[in-house]
Amino acid sequence: MVVKSTPKRSVRILLVGDSGVGKTSLILSLVSEEFPENVPPKAEEITIPADVTPEQVPTNIVDFSTSEQTDIELNEQIRRASVVCIVYAVDDDDSIDRITSHWMPLIRQNHPDTPCPVVLVGNKIDLVEYSTIDGIFEIMEEFSEIETCIECSAKTLKNISEMFYYAQKAVLHPTSPIYSVEKAD
Ligand code: GTP
Ligand code: MG
């Protein structure tokens with residue numbers, strides 16, 4: 001079977017996640033290729049021109065800050081996003097629990113018709129000796145719109161460009177099944 005889809009002309013990447021997980025640091029590390037010692041609450045929206053992105057598609061990166069923005073603005077940004085990165089900190093279990101208890105339900109509420117692709121991003125890998133990926137795989141089994149996951153560090157720059165590339169790829173080459181086994185009776 002051939003599945004045709006309209007080519008995407010731009011990608012809008014939104015970063016959400018609990019306060020302090022490192023959303024703003026990730027964006028600033030990507031842009032300046034160094035870890036910002038002093039981070040503002042929110043990064044300005046960034047537009048990356050098509051010719052410097054791996055997939056040749058203009059890409060916007062949007063930060064969200066609970067201290068500076070309202071829930072109404074958050075819902076609006078989630079609706080406008082073509083992919084949402086839920087950032088958690090690998091050393092903060094609460095930020096992992098909130099992926100399923102808060103962030104995924106909120107994203108689903110704001111995309112009632114077509115699921116919005118999600119990438120799970122475990123930041124601050126420089127602080128721990130273990131990986132959170134096994135627990136994250138269990139979450140991925142529960143929510144089919146989670147395209148992929150990645151662990152990274154805004155501080156050491158590990159996997160930073162990869163994380164934004166995965167987000168772009170989740171929009172341009174989604175792997176979500178077109179046929180859901182659960183619904184097939
Ligand atoms: P809010 O704007 O409050 O929602 O937080 P945020 O998610 O934007 O986090 P922010 O980028 O402000 O980072 C919070 C703290 O974590 C800062 O002190 C950062 O320096 C620190 N931080 C961010 N990324 C890393 C990382 O990869 N490793 C380490 N060790 N610290 C980090
Ligand atoms: Mg911030």
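Let's start with Arg9: apart from its neighbours within four places in sequence, Arg9 is in contact with Val57 and Pro58. Contact here means heavy atoms within 4.5 Å. Arg9 and Pro58 sit 49 residues apart in sequence, yet 7.2 Å apart in space, C-alpha to C-alpha. Arg9 belongs to the segment before strand E1. Arg9 is exposed, at a relative accessible area of 75%. For the cut-offs, buried is under 20% relative accessible area, exposed is over 50%, and partly exposed lies in between, using a 1.4 Å probe and protein chains only.

A word on the model. It is predicted, so local features need pLDDT of at least 70 and side-chain atom pairs count only at pLDDT 80 or more, while totals for chains, interfaces and linings use all residues. Residues are numbered from 1 along each chain as its sequence is written, chains are lettered from A and ligands numbered from 1 in the order in which they are written, and side-chain values use heavy atoms, with hydrogens and water left out. Helices (H or I, at least four residues) and strands (E, at least two) are DSSP runs, numbered from the N terminus.

Now the sheet. It is open, has six strands, and runs in the order E2-E3-E1-E4-E5-E6 with mixed pairing. Two strands pair if DSSP finds at least two bridges between them. E2 and strand E6 (146-151) are at the edges with a single partner strand each, so one side of each has no neighbour in the sheet. From one strand to the next, the twist averages 20 degrees.

Take strand E3, residues 59-62. Thr59 and Ile61 point one way, Asn60 and Val62 the other, and all are buried. On one pairing, E3 runs parallel to strand E1 (residues 11-16), joined by four bridges. There, Leu14 stands opposite Val62. E3 also pairs with strand E2 (residues 46-48), antiparallel, over three bridges. In that pair, Ile46 faces Ile61.

Next, E6 and its partner. Strand E5 (residues 118-123) pairs with E6 in the parallel sense, over five bridges. Val118 is opposite Ile146 of E6. Helix H4 (residues 133-142) packs on the sheet and touches E4, E5 and E6, its direction making about 170 degrees with that of E6. Helix H3 (residues 93-110) lies across E1, strand E4 (83-89), E5 and E6, at about 160 degrees to E4. Axes are lines fitted to C-alpha atoms, for helices over the stretch in contact, and angles run from 0 to 180 degrees between N-to-C directions.

On to helices H1 and H5. The axes of H1 and helix H5 (residues 160-172) come within 9 Å and cross at roughly 105 degrees. That makes the two roughly perpendicular, a label for 65 to 115 degrees, with under 35 roughly parallel, over 145 roughly antiparallel and the rest oblique. H1 contributes Leu26, Ile27, Ser29 and Leu30, and H5 contributes Ile160, Ser161, Met163 and Phe164. By type, that is six nonpolar, two polar and no charged. Nonpolar covers Ala, Val, Leu, Ile, Met, Phe, Trp, Tyr, Cys and Pro; charged covers Asp, Glu, Lys and Arg; the others, Gly among them, are polar.

Last, the metal. Which protein atoms are donors of the magnesium ion (ligand 2)? They are Thr24 (OG1) and Pro41 (O), 2.1 Å from the ion. Thr24 lies in helix H1 (residues 23-32) and Pro41 in the loop between H1 and E2, 17 residues apart. Donors are N, O and S atoms within 2.8 Å of the metal (3.2 Å for Na, K and Ca), and water is not among the atoms, so sites may look incomplete. Thr24 is buried, at 8% relative accessible area. Pro41 is partly exposed, at 45%.
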